[in-house]
Amino acid sequence: MASMILLCTLAASAAALVAPPGRTQLAPRATTRRTALPSDIGLEDAFDGLFDVLENAYTSGAVVDFTSAASAAADTFAAADPVVQAGAAAVALAGGAASVFRPPPKFPTIYGSWFGDKMSADMRACISAGLRSGLTAMEVRTQALPNLDEAKFGTPTNEKFQIECARSLGLSSGPTKPQSTGKVDAGGLQKSVKRFDSNYMLVKRDPVAYANVWWAQRIAPALGSRRKIWVLLAEGRVDTSACSKLPRNFVVKPLESKDVQVTSRDAVIVVAPGVTQSWKIGYDLATNAGAPVVFLNSQLSERYSLGGPLDDVEEVYYLKPISKGFVYRAYPGGWQCILDKPDGTQEKLQEYAAGERPTLGELSQLTRSVSQEKFGAAMNDKFTNDPRMGGRM
């Protein structure tokens with residue numbers, strides 16, 4: 001409550017400097033969202049929007065991270081022209097408040113959130129919250145496939161996801177239904193086969209690479225539809241020439257390409273960065289141009305720790321399997337330790353305060369010990385098909 005009062009006080013101070021006279025009643029307004037500099041936005045609309053945000057947040061009982069919202073305003077107040085910058089501060093404060101008042105996305109459904117737009121929508125929300133808070137280098141991580149450990153061998157869940165990726169990228173509608181061959185096997189059963197077109201076979205042969213392009217396609221709207229989006233592949237090569245549904249502002253290239261020319265009006269997505277050098281290349285390309293960068297789905301780390309090797313990169317959406325569970329973070333929330341249970345559900349064991357960063361060792365030890373205590377050594381193994389032992393592959 002004290003944070004809300006203080007936030008409203010700052011907003012009112014900005015309003016007193018530049019708000020139009022004669023307004024005695026504030027009512028919600030229908031506004032059109034657009035990308036513009038603070039000086040391009042009418043101060044009247046800015047203040048209306050700010051107070052609408054404050055009122056809605058207060059009535060919904062949302063938790064306020066006051067520091068993030070106030071710092072956005074304080075930086076703008078320090079500028080030279082107090083009148084114009086006070087209005088800009090109100091805009092910044094409203095943007096910061098909108099991001100911190102919105103609760104962080106909850107832990108996703110395993111493995112249902114890989115399908116549709118649930119997890120990718122949560123990723124976009126976290127990226128947008130990071131951008132509004134002033135972050136320009138962010139990490140987003142999940143398993144590229146629902147069952148990543150079974151990528152080479154294939155599972156029904158992975159195949160279903162591959163078909164969704166192929167359709168969303170405009171490559172293929174997936175395999176056709178099994179057709180009878182007219183032949184019978186030794187047991188007298190008729191054999192049937194699935195038919196695959198050549199484009200779907202691209203996804204089937206390299207499901208992780210194409211899935212990562214799909215993830216890049218899903219999170220790109222958070223970076224702005226008017227920006228050119230450089231999708232830079234840190235590992236492997238992906239033929240996207242047949243991907244008819246990729247956004248027009250997409251440019252997919254290997255990270256090491258010599259013809260990558262990032263400008264301040266662009267954004268960068270570095271796909272599957274591994275070694276530290278690939279992180280540095282992507283980071284330098286973006287920051288030297290003044291463009292935001294998102295590091296997407298890094299599965300390889302040169303150090304046993306949360307997040308990538310660069311300290312300036314903030315983990316805004318992070319889902320990583322650990323022994324008997326997961327580690328999860330959705331910005332601006334804190335890190336969470338999640339237990340994976342034999343029935344396929346999850347239980348939050350601990351949520352860390354903002355600014356507190358556990359180690360992977362601590363998290364793995366916690367999930368292992370609780371799993372052992374509750375279920376025993378052999379009754380919580382997701383890498384089996386026996387449902388009595390937690391199998392759900």
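User: What makes strands β9 and β10 a pair?

Analyst: In this predicted model, β9 (residues 325-330) and β10 run antiparallel and are joined by five bridges; because two strands pair when at least two bridges are found between them, β9 and β10 count as paired. One of the contacts is that of Gly325, whose bridge partner in β10 is Leu339, and a hairpin of four residues connects β9 to β10.

User: How do you know that β10 also pairs with β11?

Analyst: The same cut-off of at least two bridges applies, and five bridges join β10 to β11 (residues 346-351), again in an antiparallel arrangement. Ile338 stands opposite Lys348 of β11, and in the hairpin of β10 and β11, with five residues between the strands, Gly344 has a positive phi near 90 degrees.

User: Why is β10 called largely enclosed?

Analyst: Six of the six residues of β10 (residues 335-340) are buried, so the strand is largely enclosed by the rest of the structure. In a regular strand the side chains alternate between the two faces of the sheet. Here Trp335, Cys337 and Leu339 point one way, while Gln336, Ile338 and Asp340 point the other way, and all are buried.

User: Why is Pro332 called buried?

Analyst: Pro332 has a relative accessibility of 17%, and buried means under 20%, so Pro332 counts as buried. Pro332 lies in the loop between β9 and β10, and its C-alpha is 9.6 Å from that of Glu315, a residue 17 positions away in sequence.

Technical notes:
Residues are numbered from 1 along each chain as its sequence is written. This is a predicted model: local features need pLDDT of at least 70, side-chain atom pairs count only at pLDDT 80 or more; totals for chains, interfaces and linings use all residues. Side-chain values use heavy atoms; hydrogens and water are left out. Buried means under 20% relative accessible area, exposed over 50%, partly exposed in between (1.4 Å probe, protein chains only). Helices (H or I, at least four residues) and strands (E, at least two) are DSSP runs, numbered from the N terminus.
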